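Subject: Structure handover and notes

Dear colleague,

Please find below the structure that I promised to pass on to you. My notes follow directly after it, and I would be glad if you read them with the model open beside you.

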Amino acid sequence: MSQYQRLLLILDPTLRDSSPVNHAAALAKASGASLHLAALIPSFKWLSLLEEGDRTLARKNYLQDHRDWLEGQARKLRDRGIDATTEVVWAEDLKQDILEHVVQLQPDLLIKEIVHESALKRAIFTPLDWHLLRHCPVPIFLVGGSGFLLPRKIVAAVEVSAGDSTDNVLNERIIKQASSLAMQCEAELHLLYACDMTPDYLAGMGGLTFGDLAKVLRKDLEKAFLRLADHFGVPNDRRHFIPGRPVSTLSEFANEHKVDVIVMGRVQSHGVGKLLGSTTEHILYQVPCCVLAV
């Protein structure tokens, strides 16, 4: 049985962009899941300037226009044998309304197109995609620049440690999600760990010189990575232990190897990390592909 039975796609209907619809439809078709297309429209302040009767009519016509467009998209999906439903509503608080839809509909996967916010805006406001990564109770499939609707190459990006760690629980979830997606889409599954050996990362670990410490730690981490790969039966040519900072390493790998989806873990940020954003959050602005956050 597929891991996906019900998919929820959140759309910005003002863009009239069929790319996220096509990606969601491809996943629904491959997994046999139903697909609910929800267009949540922020209320426009200019409507308050109109007379009450004109305001009511304007809101009605505006919603109907988007309903007609979305229903047209759904009809095409139904013609392909996909169980598709639609919804167009006003959203007073977009972040909260999306989460409420997730709680109400209980989808196996939330799908949404990545919105590329500027660095200045990210420094002042928490981007919507970051908010969802931090608070959404289900996995999130964020549609990026990949031109292929069904992924051909999927990378499970894991985090290993030299000793026993709770990372193993998250790694298992990441690999299982990636493996199931690869099976459904008949895609290649790769396992990658970006091993950060920078002085900042190793600072304060004491006792050895930087060079000696890096060699010892890298050897231990590589052993842990190989044990993880062995446990899940990942072929040798699809194991990638790469020294480097996670964001830049994943970005370079995705570009060089034409990756379609990176599957990563989501962890709750606190303090300064909450302001700066996690690796998964920053990846959204760096990689030319989709990101599935577990």
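C185 has a relative accessible area of 10% and is therefore buried, a word used here for residues under 20% relative accessible area, with exposed meaning over 50% and partly exposed anything in between, as computed with a 1.4 Å probe on protein chains only. C195, at 0% relative accessibility, counts as buried too. The structure holds 0 disulfides, where a disulfide is taken as a pair of cysteine sulfur atoms within 2.5 Å.

Before you go further, please note that this is a predicted model, in which local features need pLDDT of at least 70 and side-chain atom pairs count only at pLDDT 80 or more, while totals for chains, interfaces and linings use all residues. Residues are numbered from 1 along each chain as its sequence is written, and side-chain values use heavy atoms, with hydrogens and water left out.

Turning to charged pairs, a search of the whole structure gives 6 salt bridges, each defined as a side-chain nitrogen of Lys or Arg within 4 Å of a carboxyl oxygen of Asp or Glu. One of them joins E281 to R134, whose closest N and O atoms are 2.8 Å apart. This pair links distant parts of the chain, since E281 lies in helix α11 (residues 279-283) and R134 in helix α5 (residues 128-135), 147 residues apart; helices here are DSSP runs of H or I with at least four residues, strands are runs of E with at least two, and both are numbered from the N terminus. Both E281 and R134 are buried.

Another salt bridge brings together the side chains of K176 and E172, at 2.8 Å from N to O. These two residues are 4 residues apart in helix α6 (residues 167-185), and so are separated by about one helical turn. K176 is partly exposed, with a relative accessible area of 47%, and E172 is likewise partly exposed, at 33%. A further salt bridge connects R239 with D230, with the closest N and O atoms 2.7 Å apart, and R239 counts as buried because its relative accessibility is 18%.

As for the aromatic residues, the count comes to 4 aromatic pairs, the rule being that rings of Phe, Tyr and Trp (its six-membered ring) pair if their centres lie within 6.5 Å, with planes under 30 degrees apart called stacked, over 60 edge-to-face and the rest tilted. The rings of Y193 and F241 have centres 5.7 Å apart and planes at 55°, so this pair is tilted. It links distant parts of the chain, with Y193 in strand β7 (residues 188-195) and F241 in strand β8 (residues 239-243), 48 residues apart. Y193 and F241 are both buried, and ring pairs link Y193, F225 and F241 into a cluster.

Finally, strand β1 (residues 6-11) is mostly covered, as 5 of its 6 residues are buried. It runs parallel to strand β2 (residues 34-42), to which 6 bridges join it, and two strands are said to pair if DSSP finds at least two bridges between them. R6 of this pairing stands opposite S34 in β2. β1 also pairs in the parallel sense with strand β4 (residues 109-113), over 4 bridges, and there the bridge partner of L7 is L109.

With best wishes
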